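Let's walk through this protein together, one piece at a time. Have the sequence and the 3D view ready as you read.

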Amino acid sequence: MDTDIKLRERNRGTTATRENQEVSSFDLTFSDLSYTVGKGETAKKILRQISGTFNSGKLTAIMGPSGAGKTSLMNILAGLKKSGIEGRVNVNGAERKFKTFRKQSAYITQQDHLLSNLSVEEYMMSAAHLKLGNDVSEKEKKLTIELIMNTLGLTNSQSTRVSCLSGGECKRLAIGLELIDNPAILFLDEPTSGLDSSSSLQCVAVLRDIAKTGRTVVATIHQPSTRLLDQFDQLYIVAGGSCMYQGPVNSLIPYLQSMNLQCPDHHNPADFAIDVASGEYGDVVFRLISGIENGRSIYQDNSSTSCVPSTSHDTEVDEVDETDFMINSHLRTNKRGKNELSYGAPFHTQVAVLLRRTWRTIWREQILTTMRLTLHVCIAILIGLLYWQIGDDAHAIYNNAGMLFFNHIFILYAAMMPTFLTCK
Ligand SMILES: Nc1ncnc2c1ncn2[C@@H]1O[C@H](COP(=O)(O)OP(=O)(O)OP(=O)(O)O)[C@@H](O)[C@H]1O
């Protein structure tokens, strides 16, 4: 209760400075993007001169049948793939610069690679130390993570270890960790995979809130329910490496209707669109791709002009409520790392934070720690008995060398043991 009040007070305090906050928004456009893997006869075209626009302040879903090229597209846009690519990717109209872009954006993978023995708060704090560096005070870091946890609904679980979190909470934690250094563009690969419908809704609602703060949020998504789909602002459908639809979610059905494709009553529009993209309604995909000019246009359900060039978009950010602003204001204050291209914490801080974090995780592996302690004690007794008082005996030089060799090997393997035992 106290924390709630404090947070509200802090929030009120930051609201006063709202006018002074610079909102850096990044519109991502890509044109004639092709992606080919392999060479010569084995070459495979994954993306085919695809174009599109992902606007700031919008939550965009990339949808499509399995193998259509969604992940490839997102990896290319996030800068994770660099070879075999043709075409242009622009940020706010200027060519994307990899070094800058990697710092302006964050990529949240489908699998959360989280350390299971840390609590939510410890995890967030370690990330804050690493990402925000020494220029940001401890108090400011604490405030930042408190606000992120509050916004993502993780406050009640802040002392819970990752191993005990639900799937939805793990996903929200993964998002929270990326939010600490205030990325302007957020890519998420299937953020709802493995979550039940209510956790999926919660997760996407969080993403929607983040988008409302002026960020560009792009997520690939598989078979969303109608309710889930409604949470998204924009939809980008990939079919066989080409763009089949780009536009607002609620314009999807009118677009398909304009191509003589009638979504059956009570049918999930997302499922219908995927069926169409998979070719279940005949060879209409080509018409759909031409209709949207392979992503060069954005469809709008407007009787006079149905398609507008993808560059003429509305970048106006929706009105944000108190919660949205919490992310907006406090995270924006931490933008120095992004804009000045610094590397967050200096090397010695990184080493110290990572050592502390590793020590905690190892110590909390109770079975492992007990085993290691027992093993060390047993081996120490054994070596002590075997090589008792040989150090002063010049005749036992080979035994001395043998003991040193044995100790080195033992220390080496004992250090590797946690990796063997904890890797899955
Ligand atoms: N490096 C590669 N070498 C060969 N084929 C590849 C490579 N990368 C991707 N592909 C192929 O490209 C196609 C698109 O892959 P991608 O992962 O982008 O699809 P997707 O739409 O994300 O699928 P899913 O929804 O199943 O994850 C697939 O057929 C995949 O096998």
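Start with strand S10, residues 242-248: 6 of its 7 residues are buried, so the rest of the structure largely encloses it. Here a residue is called buried if 20 or more other C-beta atoms lie within 10 Å of its own, exposed if 12 or fewer do, and partly exposed in between, with C-beta atoms placed from the backbone. Helices (H or I, at least four residues) and strands (E, at least two) are DSSP runs, numbered from the N terminus. All of this comes from a predicted model, where local features need pLDDT of at least 70, side-chain atom pairs count only at pLDDT 80 or more, and totals for chains, interfaces and linings use all residues. Residue numbers start from 1 along each chain as its sequence is written.

S10 runs antiparallel to strand S9 (residues 234-239), and 6 bridges join them. For two strands to count as paired, DSSP has to find at least two bridges between them. Look for Val 238, which sits opposite Cys 243 in S10. S9 and S10 make a hairpin with 2 residues between them, and Gly 240 in that turn has a positive phi of about 55°.

## The sheet around it

Which strands sit side by side in the open sheet? The order of its 6 strands is S6-S7-S8-S3-S9-S10, and the pairing is mixed. S6 (105-108) and S10 are at the edges with a single partner strand each, so one side of each has no neighbour in the sheet. From one strand to the next, the twist averages 15°.

Ser 105 is opposite Ile 185 in S7. Helix H7 (residues 197-212) lies across S3 (59-63), S7 and S8 (216-220), and runs at about 150° to S8. Such angles run from 0 to 180 degrees between N-to-C directions, and the axes are lines fitted to C-alpha atoms, for helices over the stretch in contact.

Is helix H2 (residues 70-77) enclosed or open? With 7 of its 8 residues buried, H2 is largely enclosed by the rest of the structure. Among those buried residues are Lys 70, Leu 73 and Met 74. Just after H2, Gly 79 has a positive phi of about 85°.

Now find helices H4 (residues 120-132) and H14 (residues 347-364), which pack at an angle of about 165° with their axes 9 Å apart. Residues making the contact include Glu 122 and His 129 of H4, and Val 353 and Arg 357 of H14. Being in contact requires C-beta atoms, placed from the backbone, within 7 Å.

## The whole chain and its record

The protein chain has 16 helices and 12 strands. Buried residues make up 37% of its 424 residues.

An unreviewed UniProt entry gives "domain: ABC transporter" for residues 28-265. UniProt positions use the numbering here, feature names are shortened, and annotations may be inferred rather than shown by experiment. That span is 35% helix and 26% strand. The unreviewed entry also lists residues 373-390 and 396-416 as "transmembrane region". Residues 373-390 are 78% helix and 0% strand, with end C-alpha atoms 25 Å apart. For residues 396-416, the values are 95% helix, 0% strand and 31 Å.

Definitions and conventions:
Two residues are in contact if their C-beta atoms, placed from the backbone, lie within 7 Å.
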